[in-house]
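Subject: Structure handover

Hi,

My notes follow below it.

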Amino acid sequence: MAAAAVTATALAGGTATGRNPQSSWFEKLRKPPYQPPSTVFPVVWPLLYTDIALVSAQALDDSRGVADDARRKTFAAALAVNLVLNAGWSWVFFSRRRLGLAAVTAAALTASSADLTRRATAASGRNALVLAPYPAWCAFATVLSTHIWLLNRRR
């Protein structure tokens, strides 16, 4: 279930992004000096998606059983919200070109990713801490999205 959901998220986000990182709109945006090169994103995101799928599958498995049924359901719901926010950012930024809303979406995704990591750790123990780079990357994306919005809001 987790792998299928994460794959669907990656495909939805990829569809929204499409060739837009090379579009004239994106190229004309003012970007901060710490904007990573475009070659970084297709490396980082597959690694993060793999991490999300593996840790989430383990957390769901570790939450099986009558006593853990509520934790399993709340983890599944938290994962669903997280994945909607994840794919949603690409749609808001690249398809809708709503930079301010993209910054807000990135912030919500960061909070959701930190919560997901907390929930996974509660279910699976310290092994789930390998998910920690996900909220860290999302926090960086929030700063970057916000800075891009601030640099371009008068355009």
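Which residues have the most contacts inside the largest nonpolar core? They are W45, I52, F75, A120, L131 and Y134, in a core of 21 residues.

First, the ground rules. This is a predicted model: local features need pLDDT of at least 70, side-chain atom pairs count only at pLDDT 80 or more, and totals for chains, interfaces and linings use all residues. Residues are numbered from 1 along each chain as its sequence is written, and side-chain values use heavy atoms, without hydrogens and water.

**Cores.** A nonpolar core joins buried Ala, Val, Leu, Ile, Met, Phe, Trp, Tyr and Cys through side-chain atoms within 4.5 Å. Buried means under 20% relative accessible area, exposed over 50%, partly exposed in between (1.4 Å probe, protein chains only). Helices are DSSP runs of H or I, at least four residues, numbered from the N terminus. α3 gives the most, with eight residues. A second, separate core has twelve residues, including W25, W89, A106 and I148.

**Helix pair.** The axes of α4 (residues 69–95) and α5 (residues 99–124) come within 9 Å and cross at roughly 155°. Axes are lines fitted to C-alpha atoms over the stretch in contact, with angles from 0 to 180 degrees between N-to-C directions. So α4 is roughly antiparallel to α5 (over 145 degrees).

**Loop.** R97 sits between α4 and α5. R97 is not a glycine, yet has a positive phi of about 60°. At 40% relative accessibility, R97 counts as partly exposed.

Best wishes

Notes
Helices (H or I, at least four residues) and strands (E, at least two) are DSSP runs, numbered from the N terminus. Angles under 35 degrees count as roughly parallel, over 145 as roughly antiparallel, 65 to 115 as roughly perpendicular and the rest as oblique.
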